[in-house]
Amino acid sequence: MRCLYCFNAIQPVIGWSNVLLPAREVKLCEDCRLGFLEITEGCPGCCNPRYTSTCPDCQNGSSLEQNISFLYYNDFAKDWVARWKYRGDYALVESMSAYLPYFVRGKAVPVPLSEERLLERGFNQSEAIIRILGKQSHDLLGRTHTDKQSKKSKYERQQEPNPFYVKAPVKGDILLVDDIYTTGSTMKKAARVLKDNGAASVKGLTLFRA
Amino acid sequence: MFSGQWLTEEELPKNIDTSSLKQHPGIIKGRCQRCGNRKRYKLARFPHAACGKKCLYCRNCIQMGRITECQPLYQMPSSHQLPQRDTLAWRGTLTSHQQHASDNITETILQNDTLLVHAVCGAGKTEMIFSGIEQALEDGKRVCIATPRADVVRELHPRLEKAFPGIPVACLYGGHSEQKTYTPIVLSTTHQLFRYKQAFDVLIIDEVDAFPYHNDPSLQWATQKAARKQSSIIYLTATPRKQQKHLPKVFVPVRYHGHPLPVPAFHLAPRIKTKLPDFPPSKRQLLLFAPTITRATEIAEELRIPVVHSESPDREEIILGFRKKEIHTLVTTTILERGVTFPSVDVYVIDAGHEVFDEAALVQIAGRAGRSADDPFGDVRFYMEGKTDAIIEARHSINSMNKRGGEL
């Protein structure tokens, strides 16, 4: 086995748990696994790890019922995301399976990319996460082309018009999936559009929480 | 512009007509055409939005942008170069050994042949290639000097510009990789050669045995690919590895100043992995080599001295500070083991028995000392818990080189 991230060989550790049971496949080596930091506690609304009770942002209410995130967006995660999303190393997403739950409720909807961005990047990172979750992806949303979110401030993000629109009829409980939750404005805008068009509830799932 | 490079569509200059360019797919028969990778675990498939298929891509050179099987690489047309006479401004004299090697290099360049130059640390390898480069420029040949280490590239650049004042030299290393204009001389890390294909008539590879070149087949493939079909390849090293032994070889056993290599002294330090031994105060500047970045940082904190390693953000400034003698003692990892010259230093290796210090690394580290003619001596100490094969072989090899040098 090779580590998906650094290509070093992984030495399998043999213990009682994997002598008797088939081991869960390890995708990352010990060092790379230690680079990520799992979120254990945070705001119940948006998973913000800087708060333990509801954070001021969530107290104002939002179109998104809840967001769950799994990892801190630390320096290691930033490098990982840069290689995965911006360089386009799609296969890296497999290494996230260890951090994601076995089962999440709701109809999985990826946060879309604009046509231009999709062609440039070659794949939709949210769809990749949904594949790792083992769920069916429902491509309900479309997006008009705007500049990259990661280059803007929170205020700038909130002031922008909503870039999302629905492509297909929406109903039921939705699980909105994206890679990073920073200010939440992307997720909230997408949730707003889904709700206005007939979603019963919208929850969010994101890999990283900045 | 970009002469001799093969680029992806994103890397191409904006206003260029792709239909006029030579092109081929990025991956042919499971081999990446940029980095030569064909390892299964470094190739993967992904649902590609542009072609709608499960498309194969290369994960080995992903940091330079993604190469896929459905997107082509384009060849930038190569410019022609006019022969130039009397380009060398360097007027130093070579020792008889250097002269012998230099003549061999020039001959190899004329014959489009391959040569391994085995020269001890501090033999003056850079000066030996000057006349060969001058000969190549006179024949209108394009020269590339490549090395695995970015620090070596940064050190060589001013020396080359000084030696060839009228000739533009492109200097490429990670983060400074854009070549704007055609240059007859390209100085580059071996990683940057991935983008070139059949571009150079003369390829000089300095420190061939260095990490990561010697154990990375894709870098070796890239250098072979960067050379034209009719071309000469010259390898320079102080510590050749076994797989390089079959090449035609010239040996330079003496340093340019004629003094022998400093022989390392062994110091037993039973708890070297956690505790530092008492160093005698050193009159010269001191380089401490630590096996790992973690250990280097620990030592730096304990002694309150600067540290430089591959992940230090201000690496270049610290090395410059050491060179200007603003820093007396510097802790480092194997990144400074080779290619860099500080005139008068002592070298102590902390935990020389660690597995990162193989024979080549130890010989190179010992070779950092006593490099200037004004002060050809230096104190080289290996602090260790016990002798390893690498330590014994390193001393043996230094002694035998000194012996061969003394006989001549």
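Two strands are taken to pair if DSSP finds at least two bridges between them; helices (H or I, at least four residues) and strands (E, at least two) are DSSP runs, numbered from the N terminus. The model is predicted: local features need pLDDT of at least 70, side-chain atom pairs count only at pLDDT 80 or more, and totals for chains, interfaces and linings use all residues. Residues are numbered from 1 along each chain as its sequence is written, while chains are lettered from A and ligands numbered from 1 in the order in which they are written.

In chain B, strand β8 (residues 114-119) pairs with β14(B) in the parallel sense over 4 bridges, and B:Leu116 stands opposite B:Lys249 of β14(B). A residue is buried if 20 or more other C-beta atoms, placed from the backbone, lie within 10 Å of its own.

Chain B also holds an open sheet of 3 strands, ordered β1-β7-β2 with antiparallel pairing. Because β1 (6-7) and β2 (22-25) stand at the edges with a single partner strand each, one side of each has no neighbour in the sheet. Between β2(B) and β7 (residues 72-75) there are 4 bridges, and B:His24 stands opposite B:Leu73 in β7(B).

In chain A, helix α6 (residues 125-133) has 7 of its 9 residues buried, so it is largely enclosed by the rest of the structure. Among the buried residues are A:Ile129, A:Ile130 and A:Leu133. A:Gly134, which follows α6(A), has a positive phi, near 75 degrees.

Terms used. Buried ≥ 20, exposed ≤ 12 C-beta atoms within 10 Å, placed from the backbone.
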